[in-house]
Amino acid sequence: MKTNKILVIFFATLSLTSCEAQTEKIEKTPTVDTYQNSHPEQFQKYWYAGLAEVSRYTLDQARYGSQHPGEAILIYVTEDFLPEKQVKKEFGDEKGISVLKLNMVEKFVTGIYDYALMTSIFTPIDYRKNAATMKVSFSSQDWCGQSFAQMNAREGKLNYQIRSYFQGEGDENISLPATYMEEDIWTRIRLEPQMLPLGKIEMVPSQKYLRLLHKELKAYSAEATLVLQVYDSKEKAETYIYTLKYPELNRELKICTESKFPFKILWWEEKVGPNQVTKATLDTTIMEPYWEKNNPQDQGLRDSLNMQYQIR
């Protein structure tokens with residue numbers, strides 16, 4: 001895995017109005033430790049309490065030249081993972097490692113028909129021993145058809161399998177040299193934003209982007225920056241904004257998180273070309289062992305999340 005580039009952080013030094021971020025460019029090599037190592041008790045209490053963090057986001061999805069309302073559900077939870085088989089450890093004596101898993105579910109309607117997208121990301125907690133996400137899977141279902149993609153990182157390679165009803169994608173097995181993957185950002189940012197890849201890098205864009213826009217699966221040149229935004233408000237609000245720009249794709253992705261642990265994602269925005277802008281904004285978060293909430297009386301939790309898309 002490539003080492004981090006020069007860390008670029010913007011922080012407050014200028015006196016601006018209450019709604020404007022105060023910034024100054026600083027360049028230095030990152031010296032920060034991960035939060036899990038510097039604050040082990042707080043980290044354990046949050047991520048190893050036997051609960052999942054479930055957040056609902058209001059989604060405004062750009063598709064077919066129009067904007068479509070929808071919702072995104074992000075489910076973060078830690079679990080044991082078998083690094084060789086790259087599956088959840090459920091039984092046996094084989095030693096597993098702890099991963100932060102994200103299941104991202106996105107749903108939106110385009111005209112008469114709807115989309116259901118799901119991305120699963122498995123990232124080792126111990127950044128020093130395992131610096132890269134080991135597995136990513138993605139599925140897309142709509143009235144036209146469905147597609148599935150999975151990446152497994154093994155022995156310096158990113159091994160992809162793609163199954164799609166589109167002729168241009170078909171059924172393929174592709175191997176790429178190990179490099180940064182966009183999905184890794186969504187879990188790594190929750191562990192320690194300042195450990196994200198920065199500067200000029202090579203990165204494989206998200207499977208969602210590649211599949212919806214039918215782009216070639218490969219690593220593209222990108223530029224990544226991290227910004228600490230400080231607002232001149234009573235609360236002295238601070239947020240991190242991580243930005244990825246892909247010049248060849250004319251695409252930009254921004255993810256905004258809290259500047260303090262647990263670095264909850266507040267919003268994200270994707271711009272493709274001059275007019276396509278997708279944005280998601282945090283609505284509600286709950287901490288629940290959702291896998292135990294599977295009875296009819298538990299459906300009230302969906303209301304507490306303000307979930308709009310239900311099976312009726």
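Buried means under 20% relative accessible area. With that in hand, welcome to a few close-up views of this predicted model.

**View 1. K245 meets E252 in a salt bridge.** The nitrogen-to-oxygen distance between these two side chains is 3.8 Å. E252 has 15% relative accessibility, so E252 counts as buried.

**View 2. K200 pairs with E223 across two strands.** Here the closest N and O atoms of the salt bridge are 3.7 Å apart. K200 sits in strand β14, which covers residues 199-204, while E223 belongs to strand β15, residues 220-231, so the pair ties together parts that are 23 residues apart in sequence. How accessible is K200? K200 reaches 64% relative accessibility and therefore counts as exposed. E223 has a relative accessibility of 38%, which makes E223 partly exposed.

**View 3. E94 and K85 form a salt bridge.** Look for the closest N and O atoms of this pair, which lie 3.5 Å apart. K85 counts as exposed because its relative accessibility is 54%. E94, with 30%, counts as partly exposed.

**View 4. The whole structure, for context.** How many salt bridges does the structure hold? There are 15 salt bridges in the structure, including the one between K245 and E252, the one between K200 and E223 and the one between E94 and K85.

Key:
Residues are numbered from 1 along each chain as its sequence is written. This is a predicted model: local features need pLDDT of at least 70, side-chain atom pairs count only at pLDDT 80 or more; totals for chains, interfaces and linings use all residues. Side-chain values use heavy atoms; hydrogens and water are left out. A salt bridge is a side-chain nitrogen of Lys or Arg within 4 Å of a carboxyl oxygen of Asp or Glu. Buried means under 20% relative accessible area, exposed over 50%, partly exposed in between (1.4 Å probe, protein chains only). Helices (H or I, at least four residues) and strands (E, at least two) are DSSP runs, numbered from the N terminus.
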